[in-house]
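Hi,

Here's the structure I said I'd pass along.

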Amino acid sequence: MTLPSKPWQVVLIGSLVVAAIGAVDMRIEPQLGSAFFYMLPILLVTRHASARTSIVFSIVATWVSLYADLVTSGPEVPVYVPYWNVMLRFGVLMVPVWLVISLRKLNETLEARVHDRTARLEDEVKERLKLERRILDARESEQARIGQDLHDGLCQQLVATAFSAALLQRSLEDKAAPEAVQAERIAKSIDESIGQARDIAKGLHPVPLEEEGLETALRDLARSTSKHTGIRCIAEVSGKPSSLDKAYAIHLYRIAQEALSNAVKHASASMIMIRFSSNGGDFDLMVEDDGHGIGNSSRGGGMGLHTMDYRARTIGAEMNISSGKDGGTLVRCVSSPPSTIG
């Protein structure tokens with residue numbers, strides 16, 4: 001049973017209880033100890049009503065007890081006794097009323113402080129999230145700049161050098177010079193350097209992400225990982241091409257990139273699967289390896305995991321790391337409950 005909490009309801013119930021106690025007092029001679037019976041409705045009213053209402057209610061209850069005292073007093077009782085009793089009764093009743101009012105004020109003060117602290121903490125969390133977002137944006141922008149400079153500067157310089165090396169090689173071959181073999185090695189070495197520089201540039205600034213979308217960038221990431229690590233990496237994309245905002249695509253790409261890096265470094269995996277599906281604004285990204293799993297891994301508290309989690313929260317997604325089907329590790333970032341993804 002739930003007691004009413006609205007002040008007028010509590011005052012009404014308290015008045016009925018006081019009237020009932022008064023009716024009983026009029027049939028028997030009130031004792032000073034009967035103040036404790038009046039105390040129950042008074043405490044109830046004090047708990048829910050204002051301080052002024054509580055004091056007025058206490059005075060009314062005291063007058064009811066006085067009236068009952070006067071009605072039941074016999075002629076042998078001195079006239080002043082009922083008034084003396086009612087003053088004592090009023091004093092006894094006001095003590096708990098004062099305590100309850102003080103506790104209510106203290107509770108209200110504490111609630112106000114808690115509310116204030118909570119509001120400050122929420123503001124601090126918002127500011128911290130803004131700062132973290134700015135740091136990530138600045139980091140992304142700087143990576144893109146370095147990648148672009150690497151692609152447009154060093155890579156082009158290496159291409160020109162490779163072209164010169166190839167011309168030198170052909171010239172030496174035409175002259176049947178023995179140095180042609182060394183020139184060929186130099187040309188191949190430069191070609192390998194061009195490939196490595198382009199891969200680094202892609203990692204810093206994935207061009208397919210902007211030009212061909214997240215799906216193509218993920219496939220490119222899988223191919224690049226297989227090429228450089230020897231670990232079989234496959235990207236499976238289902239559903240229609242995503243229409244995600246560029247910021248969302250960048251965060252998802254970086255999450256997949258970090259999960260792949262962790263699997264390569266820590267999981268001793270022989271195969272890594274990237275699965276991505278989207279449906280409108282919803283998405284589901286999974287990176288799963290067949291390594292030794294998270295139980296035996298040292299990748300539990302690295303900065304990369306915190307960054308992945310923050311990136312997921314930034315785009316309103318949930319990230320979860322669990323054991324994979326084959327005992328490896330599954331990293332999943334999903335925008336909404338899995339059941340909504342086709």
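Let's start with E140, which counts as buried at 14% relative accessibility. Keep in mind that this is a predicted model. The side chain of E140 meets that of R311 in a salt bridge, 3.6 Å from N to O. R311 sits in helix 9 (residues 303-314) and E140 in helix 4, so this pair ties together parts 171 residues apart in sequence. R311 is buried too, with a relative accessible area of 4%.

In total there are twelve salt bridges. Another one joins R332 and D284, at 2.5 Å from N to O. Here strand 5 (residues 329-334) supplies R332 and strand 3 supplies D284, so parts 48 residues apart in sequence are tied together. D284 is buried at 5%, whereas R332 is partly exposed at 23%. Shared partners also link E140, R254 and R311 into one salt-bridge network.

On the aromatic side, the count is one pair. The ring centres of Y248 and F283 are 6.5 Å apart and the planes are at 80°, so the pair is edge-to-face. F283 is buried at 0%, while Y248 is partly exposed at 30%.

Finally, E122, D123, E124 and E127 gather in a negatively charged surface patch. E124 belongs to helix 4 (residues 80-174) and counts as exposed, at 52% relative accessibility.

Cheers

Terms used
Residues are numbered from 1 along each chain as its sequence is written. This is a predicted model: local features need pLDDT of at least 70, side-chain atom pairs count only at pLDDT 80 or more; totals for chains, interfaces and linings use all residues. Side-chain values use heavy atoms; hydrogens and water are left out. Rings of Phe, Tyr and Trp (its six-membered ring) pair if their centres lie within 6.5 Å; planes under 30 degrees apart count as stacked, over 60 as edge-to-face and the rest as tilted. Buried means under 20% relative accessible area, exposed over 50%, partly exposed in between (1.4 Å probe, protein chains only). Patches are made of residues with over 30% relative accessible area and no salt bridge: like charges are joined within 9 Å, nonpolar side chains (Val, Leu, Ile, Met, Phe, Trp, Tyr) within 5 Å. Accessible areas come from the Shrake-Rupley method with a 1.4 Å probe; for residues, only the protein chains shown count as cover. A salt bridge is a side-chain nitrogen of Lys or Arg within 4 Å of a carboxyl oxygen of Asp or Glu. Lys and Arg count as positive and Asp and Glu as negative; His and the chain ends are not counted. The place of a charge is taken as NZ of Lys, CZ of Arg, CG of Asp or CD of Glu. Helices (H or I, at least four residues) and strands (E, at least two) are DSSP runs, numbered from the N terminus.
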